[in-house]
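Biologist: I should like to learn how to read the features of a protein model. May we take them one at a time?

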Amino acid sequence: MATIAAVIASTHHPFYYRASTSTGPDRPDFADEWVAKIERFRETLTRANPDVLVLVGSDHFHQLWLDNMPQFLVGKAPCYDANWYNEEREFGLPRMFFTGQEDLSAHILRGGLDAGFDLAFSNELRIDHSVTCPMITLRPAADLPIVPIYTNIFAPPLPQPKRYVALGKAIRDLVESWPSDQRVAIIGTGHLSLELGGPRQFGPHGPDPEFDRKAVEWIASGDVEKALGEVSLDSLWEPGNATHGFLDFMLMMGTAGAGEKADYADTLDLFHTMEAYFTWYPNGAPEPGIGESGIGGSAA
Amino acid sequence: MSKYLVNKFLYTIDRDPELVERYRADPRGTVEWWEAERANAILNVHSRERSSWLTFDDAEREALATHDYVKLFELGAHPFLTLTLCIALFERDYDEPLAFQKLYARNLSHFTMPYPDIAT
């Protein structure tokens with residue numbers, strides 16, 4: 001059976017690509033620190049030596065639209081083009097291309113349906129920055145086959161938070177039951193507190209630093225119970241009108257497992273939003289251990 | 001009221017570079033053309049198979065025709081769609097990075113929680 005090489009949860013910030021590649025007067029003053037943190041975070045995946053990436057994200061009204069909106073969708077295609085005109089326009093993101101791990105997509109679809117998740121699927125999916133951002137930060141060579149999984153965190157009505165957690169756990173179980181000798185990293189991206197198109201957007205910090213502090217603690221300590229106790233579909237409007245992206249962090253907490261402390265946790269307080277990076281090694285940290293070596297972040 | 005149709009306008013303009021420029025140059029004309037020709041087109045469906053019932057109400061039509069993103073927020077348009085398209089329309093008019101985004105926030109500062117419902 002396949003091995004879980006790493007479980008990774010991250011914010012996805014579409015400004016990273018431009019900030020990290022800009023030079024001279026165009027380079028923002030926070031770019032160097034951001035790049036240094038991303039490079040340490042990237043090392044947590046590189047050391048895990050994955051063969052395949054399962055990437056959980058959310059379409060931002062690119063291919064999925066309100067006339068036909070799936071809650072959870074698994075890409076099952078041999079190839080995926082990526083990034084869209086308006087992401088090129090606003091963020092300067094490059095067009096990208098990935099190969100698909102289609103047999104793992106099929107396994108997740110069959111097993112997910114049989115486990116009670118009525119998963120939608122797509123045989124022709126152009127993916128967006130929720131998936132390409134972690135590829136840019138964590139695997140810029142983009143040289144591994146992928147299974148993209150989209151969740152609806154965007155267009156109400158949404159599933160309840162506990163469903164995201166349950167789906168995260170199911171994805172892990174399904175990867176672990178995939179008849180393959182490959183090493184799979186499961187990577188999901190979402191948001192902490194975030195406001196888009198509202199009065200609290202683009203402030204000096206995220207819109208709700210107190211929510212961010214609590215959320216980072218829940219994730220780093222694997223406290224699924226507390227997160228589920230404090231978070232509801234209604235309450236997530238309060239920290240910022242786009243904070244439902246936190247549901248993808250909750251999904252990844254389900255993947256990592258209740259009570260499982262992150263082996264690596266780091267944050268970066270930026271304007272507009274707080275960045276947060278977490279890695280778990282369910283089968284033990286690759287040598288040398290990330291936490292012990294002190295190469296960056298904080299061993300939680 | 002048709003939050004869905006307002007969102008559909010924002011979505012279909014935002015994804016088409018030519019329509020973005022047309023809407024910037026002639027907002028009222030673009031809204032009138034779009035409502036007459038495109039509002040009832042079902043996306044990804046053959047052009048002869050159309051809907052028959054989608055129209056803006058007066059407040060929605062006027063907000064779109066005047067680029068009034070504050071009114072669109074009040075009407076419950078999806079804030080991501082409004083913001084993304086407005087950045088495409090207006091960011092170029094400001095010298096400082098994020099100046100337009102910050103102005104946009106200030107112009108919405110009279111809204112308090114709970115914000116207008118965006119469910120469609």
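Modeller: Let us start with a term: two strands are said to pair if DSSP finds at least two bridges between them. Please keep in mind that this is a predicted model.

Biologist: In what order do the eight strands of the open sheet stand?

Modeller: In chain A the order is β6-β3-β7-β2-β8-β1-β10-β9, and the pairing is mixed. β6 and β9 (264-269) of chain A are the edge strands; each has a single partner strand, so one side of each lacks a neighbour in the sheet. On average, and with direction ignored, neighbouring strands of this sheet are turned by 15 degrees against each other.

Biologist: In which sense do β3(A) and β6(A) pair?

Modeller: Their pairing is parallel, over three bridges. Within β6(A), Phe121(A) is the residue that stands opposite Val74(A).

Biologist: Which helices pack on the sheet or lie across its strands?

Modeller: α6(A) packs on the sheet and touches β1 (3-11), β2, β3, β7 and β8 (183-190) of chain A. The direction of α6(A) makes about 165 degrees with that of β8(A). α9(A) lies across β1, β2, β7, β8 and β10 (274-280) of chain A, and runs at about 150 degrees to β8(A).

Biologist: How does one check the length of a helix, for instance helix α4 (residues 102-114) of chain A?

Modeller: One takes 1.5 Å times one less than the number of residues. The 13 residues of α4 in chain A should therefore span 18 Å, and the end C-alpha atoms are 18 Å apart, in agreement. After α4(A) comes Gly116(A), with a positive phi near 100 degrees.

Biologist: Which residues of α4(A) are buried?

Modeller: In general, an α-helix has 3.6 residues a turn, so residues three or four places apart point the same way. In α4(A), the buried residues are Leu104(A), Ser105(A), His107(A), Ile108(A), Leu109(A) and Gly112(A). Their cover includes β2 (52-57), β3 (72-75), β6 (120-122), β7 (146-151) and α6 (161-176) of chain A.

Biologist: How many residues has the largest nonpolar core?

Modeller: As a general idea, nonpolar side chains tend to be buried together in soluble globular proteins. Here the largest nonpolar core has 117 residues, and Val54(A), Ala185(A), Ile219(A) and Phe278(A) have the most contacts inside it. Helix α9 (residues 246-256) of chain A gives the largest share of this core, eight residues. Leaving aside neighbours within four places in sequence, Ala185(A) has contacts that include Ala5(A), Ile8(A), Leu45(A) and Leu53(A).

Biologist: How many residues does each chain bring to the contact between chain A and chain B?

Modeller: Chain A brings 22 residues and chain B brings 30 residues. On the side of chain A that touches chain B, eleven residues are nonpolar, six polar and five charged.

How values were computed:
Residues are numbered from 1 along each chain as its sequence is written. Chains are lettered from A and ligands numbered from 1 in the order in which they are written. This is a predicted model: local features need pLDDT of at least 70, side-chain atom pairs count only at pLDDT 80 or more; totals for chains, interfaces and linings use all residues. Two residues are in contact if their C-beta atoms, placed from the backbone, lie within 7 Å. Ala, Val, Leu, Ile, Met, Phe, Trp, Tyr, Cys and Pro count as nonpolar, Asp, Glu, Lys and Arg as charged, and the others, Gly among them, as polar. A nonpolar core is a set of buried Ala, Val, Leu, Ile, Met, Phe, Trp, Tyr and Cys residues joined through C-beta atoms within 7 Å. A residue is buried if 20 or more other C-beta atoms lie within 10 Å of its own, exposed if 12 or fewer, and partly exposed in between; C-beta atoms are placed from the backbone. Helices (H or I, at least four residues) and strands (E, at least two) are DSSP runs, numbered from the N terminus. Axes are lines fitted to C-alpha atoms, for helices over the stretch in contact, and angles run from 0 to 180 degrees between N-to-C directions.
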